[in-house]
Amino acid sequence: MVGCVIVKNEVVVGEGWHEFAGEPHAEINALAAAGEDANDATVYVTLEPCDHHGKTPPCVEALIDAGVGKVIAAMEDPFPQVAGRGLDRLDKAGIATEVGLMSSAAELLNAGFIARVTRNRPLVRVKVAASLDGAIAMKSGESQWITGPQARDDVQRLRARSGAIMTGIGTVLADDPSLNVRLTELTIAGLQPLRVVLDSRLRMPLAAGMLTLPGATLICCTGSHDHSRLNDAGAEVLSFGASGDAVDISAVLEELARRGVNDVLVEAGPGVTGYLLEKELVDELVIYQAPHIMGSETRGMFSTPSWLALADRRVLDICDVRRIGDDTRITARVKH
């Protein structure tokens, strides 16, 4: 996610952003908006301009051809094919460069991209809807609806910013979730995030609603199973190694990174979310807390049976708290 602003004589003469993968980058859109005013102007960009041929030509060449006077990048691009080369080429072309302005904000903006490039896995964001006393469902499994309509709409925005949405087979069998973006104004060209189901024994029902929806579904199992029935239903099935009785989620995340997925939103039951916390695979928690108490005959947010001492707890950095309708949204990063 990259934005670019071009300034000349303290006046903004062009703005642009990277709107869609494979489409022109932020710098190209800003240069087009600035036109001839880009000559000798200062370019502010949230990520170092690229200097390689990927899905689009190098932005560095366009900046040099436009005759800009200075480029100020918030951060270097950690992608190995860039990694300082863009700024270096601008310097050699006689264009002044600076890097580091608002770098923390830029790193936060592209936390998923950075995770994929530097850790070989996407950023993992776990979403939970719970009562004030931490319940996600009654003991019977009843859970619709804990939070209000505004919070549920906000979840749609979380989904829309994600490359994949992950759940477990238990949630599929219990709730038959769609795992799609239902607010069409949040999608680009109708594209949907990849749906990922952790299903070690391949129990995915052919009647699952998500198999009838636009977008792709990836089912992750262990061992050898007959994939044909689900392949025929339009799903992709991949076998991974096992971690106990469960799918090796680390291997799944590596596969998603290989496919270019930057951000994974996990909407799953306490077994999957607790496992992710135990394995220190959660980067961020988004908890929607409803202003009611559901009592003792309920299911908690996370299942962590191996945590037996206070030292087992996970420490959080709460970075945002705000009201969403009648509910409270808490965003916290997990300290590893």
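Predicted model: local features only at pLDDT ≥ 70, side-chain atom pairs only at ≥ 80, totals over all residues.
Residues are numbered from 1 along each chain as its sequence is written. Local features need pLDDT of at least 70 and side-chain atom pairs count only at pLDDT 80 or more, while totals for chains, interfaces and linings use all residues; side-chain values use heavy atoms, with hydrogens and water left out.

**Pockets**

The largest pocket holds about 1900 Å³ of space. A pocket is an open set of points on a 1 Å grid over the protein atoms alone, where a 1.4 Å probe fits, with protein on both sides within 12 Å along at least five of seven lines; lining residues have an atom within 4 Å of a point. Volume is the space filled by probe spheres set on the points.

The largest pocket has 49 lining residues. Nearest its centre lie His18, Phe20, Ala21, Gly260 and Asn262. Helices H1 (26-34), H5 (111-119) and H6 (149-160) each supply at least two lining residues. Helices are DSSP runs of H or I with at least four residues, and strands are runs of E with at least two. H5 gives the largest share, 3 residues. By class, this lining has 23 nonpolar, 16 polar and 10 charged residues.

The second largest pocket has a volume of about 1300 Å³. It is lined by 49 residues, with Thr171, Asp175, Glu267, Ala268 and Gly269 closest to its centre. H6 gives the most to this lining, with 6 residues. The classes here are 23 nonpolar, 13 polar and 13 charged residues.

**Salt bridges**

The whole structure has 18 salt bridges. Each is a side-chain nitrogen of Lys or Arg within 4 Å of a carboxyl oxygen of Asp or Glu.

| Salt bridge | N to O distance |
|---|---|
| Asp283 and Arg121 | 2.9 Å |
| Asp154 and Arg157 | 3.5 Å |
| Glu255 and Arg258 | 2.7 Å |

Asp283 and Arg121 link distant parts of the chain, 162 residues apart. Asp283 is buried at 12% relative accessible area, and Arg121 is buried at 10%. Buried means under 20%, exposed over 50%, and partly exposed in between (1.4 Å probe, protein chains only).

Asp154 and Arg157 both lie in H6, 3 residues apart, about one turn of the helix. Asp154 is buried at 8%, but Arg157 is partly exposed at 42%.

Glu255 and Arg258 sit in helix H9 (residues 249-258), also separated by about one helical turn. Glu255 is buried at 13%, whereas Arg258 is exposed at 61%. Elsewhere, shared partners join Asp154, Arg157, Asp320, Arg322 and Arg329 into one salt-bridge network.

Key
Nonpolar A, V, L, I, M, F, W, Y, C, P; charged D, E, K, R; others polar.
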